[in-house]
Amino acid sequence: MDRITPEKILESDYDIIVLGSGVAGLAAALSSSEHGANVLLVEKAPPSQRGGNSRRSGSFRVAYGDVRQLERLVKNLEGKAIQVPAYTEDDYYRDLMRVTGEKANPEMARTLVSKSWETLLWLRGLGVEFELSLMDTVK
């Protein structure tokens, strides 16, 4: 990606400026671009540290059935000797409610959980690469 100076940003005509290239930032930037917006995605982290909260929390969060399903998302996962337990929509929802102290809006939480898989597949289809954290695997 190209570096851009603050002066260049002020000279340009962006419809949307997205700060951060975590999953939420990438989704916002890519969706906006798909809808015709002129988008600037700004990330201060070096390439090896990009990923926003998903990288900080250990990995991305998505409801899935088994490791074979994850092979559709994670590059170079096929054939690796790893074990990752299923993480169902109910598991995800319970975790979300637990970490928010039951303060998350239940309807919004269910939508987040139920759309998690299709959202990450959409991002993957647009070239976003996902990796599993070593914390997520048991060898």
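Predicted model: local features only at pLDDT ≥ 70, side-chain atom pairs only at ≥ 80, totals over all residues.
1. Start with Y87. This tyrosine is buried, at a relative accessible area of 15%. Y87 also pairs with Y92.

2. Y64 sits in the loop between α3 (52-56) and α4 (67-70), while Y87 sits in the loop between α4 and α5 (89-99). The pair therefore ties together parts that are 23 residues apart in sequence. Y64 counts as buried, at 11% relative accessibility. Y64, Y87 and Y92 make up one aromatic cluster.

3. Now the charged side chains. Side chains of opposite charge can pair when their charged atoms come close. The whole structure holds six salt bridges. One of them joins D66 to R68, at 3.0 Å from N to O.

4. R94 and D91 form a salt bridge, with their closest N and O atoms 2.7 Å apart. Both residues lie in α5, three residues apart, or about one turn of the helix. D91 is partly exposed, at 23% relative accessibility. An α-helix has 3.6 residues a turn, so residues three or four places apart point the same way.

5. K115 and E118 meet in a salt bridge, at 3.9 Å from N to O. They are three residues apart in α6, so about one helical turn separates them. K115 is partly exposed, at 39% relative accessibility. E118 is partly exposed as well, with a relative accessible area of 47%.

6. Some bridges are linked. Which residues form a network of salt bridges? They are R61, D95 and R98.

7. Next, helix α2, which covers residues 23-34. This helix has 12 residues. From first C-alpha to last, α2 reaches 16 Å, close to the 16 Å expected at 1.5 Å a residue. After α2 comes G36, which has a positive phi, near 95°.

8. Which residues of α2 are buried? They are G25, A27, A29 and S32. Their cover includes β1 (16-19), β2 and α6 (106-125).

9. Apart from its neighbours within four places in sequence, S32 is in contact with I16, A37 and V39.

10. Last, the surface. I17, L19 and V42 make a nonpolar surface patch of about 280 Å². V42 belongs to strand β2, residues 39-42. V42 is partly exposed, with a relative accessible area of 30%.

Methods. Residues numbered from 1 in each chain as written. Heavy atoms only, no water. Patch = residues over 30% accessible without salt bridge, like charges linked within 9 Å, V, L, I, M, F, W, Y side chains within 5 Å. Areas by Shrake-Rupley, 256 points an atom, 1.4 Å probe, with all protein chains shown as cover. Salt bridge = Lys/Arg side-chain N within 4 Å of Asp/Glu carboxyl O. Helix = DSSP H or I, 4+ residues; strand = E, 2+ residues; numbered from the N terminus. Buried < 20%, exposed > 50% of the residue type's maximum accessible area, 1.4 Å probe, protein only. Contact = heavy atoms within 4.5 Å. Expected span 1.5 Å × (residues − 1). Phe/Tyr/Trp six-rings, centres within 6.5 Å; stacked < 30°, edge-to-face > 60°.
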